[in-house]
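Dear colleague,

I am passing on to you the structure shown below, together with a summary of what was found in it. Please keep it open while you read the notes that follow.

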Amino acid sequence: MTSNQSPKTSVDLTSEDKDIHWQQDMSYGSYLQLDALLKCQKPLSGKHDEMLFIIIHQASELWMKLCIHELGAAMQHLKDDDLGPVFKMLSRVARVQANMQQSWEILSTLTPADYAAFRDDLGQSSGFQSFQYREIEYRLGNKNAKMAEAHKAVPERYGHLQDVLDQPSFYDLCLQLLARRGFDIPADKLERKWREPYVASKEVEDAWLAIYKDTQKYWDLYELAEKLVDLEHHFHQWRFAHMKTVERIIGYKRGTGGTAGVSYLVKALDLRFFPELWTARTRM
């Protein structure tokens, strides 16, 4: 570039670009249904920062939809003893969780004053009412049937959550796999009322410990164990980021919808989906 030439501020279309047919039966916008998607953000307060609040939560629900999609497929592959796809799907869910964690970083730009300006317009709506989040927790093993009551007013969603409660969780299927591989898993862990919360077992811990002590012999089960730990690790990071963001914005006020807010989120940090995978580490 000579001294009298101005830098380019745009890229010119090539002759090949000009031949592109922009009026198509299937375009980028129509494939993604962008017209409908971009009409879903409807702030109620007229306040500038409410748009951020809506988009963060809508995007999170889309990511959770993907998590449910991946977990459902992974559970079927697990039943079929086909672990290769399971590893890929669990890795994807963990990375989605990491991405969702970053969303709290964006939401934390919302100051207490910003949020207070439109909080009353939210009415009794609350993230506690996310039926997709509840399904993820149920599928991973946090079977707290009382949590489904928040969805009783919508029979279709409530019925679906009841169905998920009555099915084995991902961890239940893992224990069934260990039993098929010859590990001594207690009978009451293999057949039980699936809607009841899982209770940790020393025999299950022993099984995971044996896998970790001979990784060459049990390589695929060892890989499965580490994928589960990775998934739960990212899930806990997401919960922690959620809790700290709420604390930063509203302190220890009660949440919308009457929830306990930060106090509830702190308690949730103690929940474990795959408890023996964590306690076995102390014995290694």
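Which residues line the largest cavity? Before the reply, please note that this is a predicted model. The lining is formed by Gly141, Lys143, Ser169, Tyr171, Asp172, Arg192, Tyr198 and Phe273. Sorted by class, three of these residues are nonpolar, two are polar and three are charged. The space inside this cavity is about 50 Å³, and the structure holds one cavity of 30 Å³ or more.

As a general point, nonpolar side chains tend to be buried together in soluble globular proteins. In this model, the largest nonpolar core has 62 residues, and those that touch the most other members are Leu78, Phe170, Tyr171, Leu178, Trp208, Leu224 and Leu228. Several helices each supply at least two residues of this core, among them H4, H5 (83-107), H9 (170-180) and H11. Helix H12 provides the largest share, 13 residues. Leucine 228 illustrates how such a residue is surrounded: leaving out residues up to four places away in sequence, leucine 228 touches Leu90, Phe170, Tyr171, Cys174, Trp208, Phe274 and Leu277. There is also a second, separate core of seven residues, including Tyr138, Met147, Ala148 and Val164.

The charged side chains form the last topic. Side chains of opposite charge can pair when their charged atoms come close.

- Arginine 134 and glutamate 137 form a salt bridge with an N to O distance of 3.3 Å. These two residues are about one helical turn apart because three places separate them in helix H7. Both arginine 134 and glutamate 137 are buried.
- Lysine 227 and glutamate 223 are joined by a salt bridge of 3.6 Å, N to O. Both lie in helix H12, four residues apart, or about one turn of the helix. Lysine 227 has 19% relative accessibility and therefore counts as buried, whereas glutamate 223, at 24%, counts as partly exposed.
- Arginine 281 and glutamate 226 meet in a salt bridge of 2.7 Å, N to O. This pair links distant parts of the chain, with arginine 281 in helix H14 (residues 275-283) and glutamate 226 in helix H12, 55 residues apart. Arginine 281 is partly exposed at 28% relative accessibility, and glutamate 226 is partly exposed with a relative accessible area of 29%.

Beyond these pairs, a network of salt bridges links Lys202, Glu205, Asp206 and Arg283. Where does glutamate 205 lie? Glutamate 205 is placed in helix H11, which runs over residues 202-213. Is glutamate 205 buried or exposed? Its relative accessibility is 13%, so glutamate 205 counts as buried. Apart from neighbours within four places in sequence, glutamate 205 is in contact with Glu276, Thr279, Ala280 and Arg283.

Yours sincerely,
A colleague

Notes:
Residues numbered from 1 in each chain as written. Predicted model: local features only at pLDDT ≥ 70, side-chain atom pairs only at ≥ 80, totals over all residues. Heavy atoms only, no water. 1 Å grid on protein atoms, 1.4 Å probe; cavity = no way out; pocket = protein on both sides within 12 Å on 5 of 7 lines; lining within 4 Å. Points joined across faces, edges and corners; volume = space filled by probe spheres on them. Nonpolar A, V, L, I, M, F, W, Y, C, P; charged D, E, K, R; others polar. Buried < 20%, exposed > 50% of the residue type's maximum accessible area, 1.4 Å probe, protein only. Contact = heavy atoms within 4.5 Å. Core = buried A, V, L, I, M, F, W, Y, C linked by side-chain atoms within 4.5 Å. Salt bridge = Lys/Arg side-chain N within 4 Å of Asp/Glu carboxyl O.
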